[in-house]
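Subject: Model handover and notes

Hello,

Here is the model for your files. My notes follow it.

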Amino acid sequence: MYKYLKINIILLVFPLILSAGAWAESSSFDSDAEHKVVYDVKTRSLDEFSSVMNRISFLTTRLGNDPLSTSIVVVLHGDEIEYFAHDKELEYEGVVRRTLGLTMGETIEFRICRAAAERRGYKPADLQSFVSVVPMADAEIVQLQFNGYAYMR
């Protein structure tokens with residue numbers, strides 16, 4: 001009986017293994033489609049923010065850097081806001097340079113929550129000019145989702 005149970009398990013599991021391989025092959029990427037993504041970013045450390053930037057950079061490489069077909073909006077409302085403050089320019093020069101570089105292809109845009117910035121003591125004039133300031137992160141994310149943006153955290 002044990003021998004038959006073993007065979008039945010193999011017969012049940014084998015098609016699942018084959019279908020998993022087929023799924024991986026069929027999940028091809030459509031590079032000609034329009035891609036719109038909104039990242040909801042609220043980090044607590046430079047390492048965590050760097051990890052998010054790595055993911056965004058990799059996604060941009062995967063989607064392509066064509067502003068006509070790709071749009072990535074990064075909404076910031078955590079401790080990372082201070083990286084973009086003029087009074088922290090020297091301390092976070094590498095982060096600012098990297099983030100600015102990501103915006104050069106015109107597919108990535110950074111937006112900072114005004115409410116979160118003000119809670120940290122920053123006004124829009126205190127922040128780097130290449131980041132937009134929006135009234136509220138949550139409202140911005142919801143609006144982008146209504147406009148067809150896929151949500152990423």
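The buried residues of helix H3 (93–103) pack against helix H2 and strand E3. Please keep in mind that this is a predicted model. The residues concerned in H3 are Val95, Val96, Thr99, Leu102 and Thr103. Viewed down the helix axis, they fall within an arc of 125 degrees, so they line one face of H3. The general rule behind such a face is that an α-helix has 3.6 residues a turn, so residues three or four places apart point the same way.

Apart from neighbours within four places in sequence, Thr103 is in contact with Ile108, Phe110 and Phe130.Helix H2 spans residues 46–63. At 1.5 Å a residue, its 18 residues should span 26 Å, and the C-alpha atoms at its ends are 25 Å apart, which agrees. Phe49, Val52, Met53, Ile56, Leu59, Thr60 and Leu63 are buried in H2. These residues cover an arc of only 125 degrees around the axis, which puts them on the same side of H2. On the other side of H2, Asp47, Phe58 and Thr61 are exposed.

What do the buried residues of H2 pack against? Their partners are strand E1 (35–41), strand E2 (70–76), H3 and strand E3 (108–113). After H2 comes Gly64, with a positive phi near 100 degrees.

One of the buried residues of H2 is Thr60. Its relative accessibility is 9%, which is under the 20% limit, so Thr60 counts as buried. Beyond its neighbours within four places in sequence, Thr60 is in contact with Asn65, Ile72, Thr107 and Ile108.

Next, the strands. E1 is mostly covered, with six of its seven residues buried. E1 and E2 run parallel and are joined by seven bridges. In this pairing, Lys36 stands opposite Ser71 in E2. Together, E1, H2 and E2 make a right-handed β-α-β unit. E1 is also joined to strand E5 (residues 150–152), by three bridges, and these two strands run parallel. Here Tyr39 stands opposite Met152 in E5.

Which residues touch the most other members of the largest nonpolar core? They are Ile72 and Val74, in a core of 35 residues. At least two residues of this core come from each of E1, H2, E2, H3, E3, helix H4 (114–119) and helix H5 (137–146). H2 supplies the largest share, six residues. As a general point, nonpolar side chains in soluble globular proteins tend to be buried together.

For Ile72, residues up to four places away in sequence are again not counted. Ile72 then touches Val37, Tyr39, Ile56, Leu59, Thr60, Leu63, Thr107, Ile108 and Glu109.

In H5, the buried residues are Ala137, Glu140, Ile141 and Leu144. They cover an arc of only 95 degrees around the axis, which puts them on the same side of H5. The buried residues of H5 pack against E1, E2, E3, strand E4 (132–134) and E5. H5 is followed by Gly148, whose phi is positive, near 95 degrees.

The last item is a loop residue. Ile81 lies between E2 and H3, in the loop that joins them. Is Ile81 buried or exposed? With a relative accessible area of 0%, Ile81 is buried. Leaving out its neighbours within four places in sequence, Ile81 is in contact with Leu76, Ile112, Cys113, Ala116, Ala117, Arg120, Tyr122 and Leu127. Ile81 and Leu127 are 46 residues apart along the chain, and their C-alpha atoms are separated by 8.5 Å.

Regards

How values were computed: Residues numbered from 1 in each chain as written. Predicted model: local features only at pLDDT ≥ 70, side-chain atom pairs only at ≥ 80, totals over all residues. Heavy atoms only, no water. Helix = DSSP H or I, 4+ residues; strand = E, 2+ residues; numbered from the N terminus. Expected span 1.5 Å × (residues − 1). Buried < 20%, exposed > 50% of the residue type's maximum accessible area, 1.4 Å probe, protein only. Arc of directions from axis to C-beta. Contact = heavy atoms within 4.5 Å. Pairing = 2+ DSSP bridges. Right-handed = clockwise from strand over helix to strand, strands pointing away. Core = buried A, V, L, I, M, F, W, Y, C linked by side-chain atoms within 4.5 Å.
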